[in-house]
Amino acid sequence: MGSRQIVAVLQIGGEFTTDDDGRMTYSGGEAHAMHVKSGWTFKAFKHEISSTLNNLKLDTYVFKYFLPRNNKTLISISNDKDLKRMVEFHAESETTYIYVIKKVDNRVIMSPVADSSTPADSAITGTTPDGSKRQKICASWENAITGVGHVFEGPKEFRDALHKYAIAHRFHYRFIKNDSSRVTVECTDEGCPWRMHASKSPAKEFMIKKVVGSHTCESETVKSHRLASQKWVASVIKDKLRDSPNYRPRDIANDLQREYGLSLNYSQAWRGKLIARKELYSPHEEACNQLPWFRDRILVTNPGSVATVVALEDSKFRFFVAFHASLHGFEHGCRPLLFLDVVSVKPNKHWKLLAATSVDGEGDAFPVALAVVDDESQENWHWFLEQLKASLPMPGEITFISTGKSGLWNDVSLIFPDSYHGYNVNFFIEEFKTQLDGSWSEEVKDIMVEHLKKAIYSCTVDEFNHYIELIKAESDKLAEWLMEAKPDRWSDAFFKGSRLGQYTCSISETISDWIPNRYELPVVQLLDTIRCNLMETIYIRRESSNTWSEVLTPSANQKMQEEVSKALSLGVVCSAEDGNSNVFEVCDGSVYVVNIDTWECTCGKWRASGIPCPHALAVFEQTEQNPLDYCAKYFKTECYRMTYAVSINPIPDVIVPPASADLSQSAGLQPCPILTRRQVGRPKEKPADPRITIKRAVRCSRCKGYGHNKATCKVPLTVTAAVSSQV
């Protein structure tokens, strides 16, 4: 089969508008045409786009497209798999539109493409006439300190003025004394006699009392990078960083050299940018004040959703959200199963995410509700469960899976009295491993863990007791610990809830992958980033399920086929003698009783998994019944499609609330900055290595191909001659 290609129209520099029903329209900007081949890698795809757009640098751009007959949700292209899907989705389309969008802190903005004759960096780095701004600034800073008798509000104000004075006069200084009552400095040049002393006066004013000598150092040879402290650099570049979030450290260093005459290395510029970014994008007070606005926008753009924000004492808050699409999917398609997890988003060390997550027919995580809190405490979990109960539309029995920490065993049974509650199996196994001290060999530890896993997945009491006895033979203490942990919370042999073969959930890893790990996001942007990824996930899974033709989902269908192969060697011995024609006995080493009416087998696997066991399948083969009629509905394609039938709608202008909105008066929520302390230990974030550069693709001057040069070209001369003639 030959390589498939589609015609793509690149749109750049325009903007999207959204109408009342959520449909998006693109207008303005430029358009360019290109071919996209199915065999391309994402790297080749980016290279072709760059060539089409006059070698535009694409490091700060993302690529998105609409699926056929849908213009409500933009789909991202970020890897080879995404590119292949796009080509497959548009195989029957005459034209595909690809939108090249500039990104800003995990968000995208529409900005006009720079002229091809203008350097790419000029869109970021502003220019000023050489020295004009520096002369203006220095002229105002030359008199920041006038001499003896100059009064300041305090030592901090004096140090700030001294810093500006040193930049204007281009000299370095060091502190001889520096405390809350006195500051003494001197010039760092060995031959320069300049010295200054300031302290509190009898009137409690901070005043310069002594200035000795004048500067004799050569200011032109001063290495001025020492004058550019991290905080000072941050204060200077903050406004520009707000307008150009992709302001690069190299550009910062060049601008400070041109505008202030200060020489900075890459690391200094990077650290100054880091401090400025934290001041701009992590203002807790501003983030807290935006939460009521964000809640209102959720309720307006996604009717049927539940969103709550509560201000607490000690500058704390709680925020709960459950989108209508998530609630609808849980009610109509997901298993009645909720995993309670806490998600620690690494860059956001000040907040925790509490999540209630269900599972779809493919075993993939389906977030139902989220809450942002300050820590994983019992009070916060209790509040979260109360909000969850108020938002859930289904009154039936629900099975909860959690670690049981923070009082969850009591709170779940209190708020959901008709529910079931079990351990997260991965957590329980890790807890078991902590009981295996250093006296155990690694081989024996692995054997004990394997016995525990088999005890967890045992569906009968006899099988469970067998593996507990094997553990007890090695250690009575371990067996006793397991029994004290209440087997009805972790073993299929005793658990009364409905896990349907799902013992763990990977929502923590999923959300962590959605959040950028280079810097901390404000609460509103953090939540909206999750919303955007969830919106895209729902749409992709819905479109994928529309191509399924089987009654069961692919994973359930595969499991069914595996069970059918096991049932081929089994025989139905006889019907039960109690007069019930729907009760059968099946011989499989032992005799198992299958009851079709109650969907039960004495092996216990049918009830535990929701899919008929081999014994039941043998009965269906004998009685010529369709086994698909005896599978739990949650594994059927129709139910899966109901899970993702409703979309999450976009929330326009989520970053900046309207200027006229008085956020502090909304719902009684007053400004509430979170009081936090610096985390212990060395910061994990490191500056990018300035030696690492993006290498351009090597192109052969002989055959015009990529990946080699003229010296290593193996293309025959006849071919290269033909290529040259075409060029």
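**Exercise 1.** How much space lies in the largest cavity? State also which residues line this cavity and which elements give two or more of them.

*Solution.* The model is predicted: local features need pLDDT of at least 70, side-chain atom pairs count only at pLDDT 80 or more, and totals for chains, interfaces and linings use all residues. Residues are numbered from 1 along each chain as its sequence is written, and side-chain values use heavy atoms, with hydrogens and water left out.

Step 1. On a 1 Å grid over the protein atoms alone, a cavity is a set of points where a 1.4 Å probe fits but cannot get out; lining residues have an atom within 4 Å of a point. A volume is the space filled by probe spheres set on the points.

Step 2. The largest cavity holds about 100 Å³ of space.

Step 3. Its lining includes Val 321, Phe 323, Leu 370 and Arg 531. Two or more lining residues come from each of β15 (317-322), β18 (365-373) and α17 (523-545), where helices (H or I, at least four residues) and strands (E, at least two) are DSSP runs.

**Exercise 2.** Which residues line the second largest cavity?

*Solution.* This cavity, of about 50 Å³, is lined by Asp 492, Phe 495, Gly 497, Arg 499, Leu 500, Arg 607 and Ala 608.

**Exercise 3.** With which residues is Phe 319 in contact, leaving aside its neighbours within four places in sequence?

*Solution.* Contact means heavy atoms within 4.5 Å. Among the partners of Phe 319, with those neighbours left aside, are Leu 291, Phe 294, Leu 370, Trp 383 and Leu 527.

Conventions
On a 1 Å grid over the protein atoms alone, a cavity is a set of points where a 1.4 Å probe fits but cannot get out, and a pocket is an open set with protein on both sides within 12 Å along at least five of seven lines; lining residues have an atom within 4 Å of a point.
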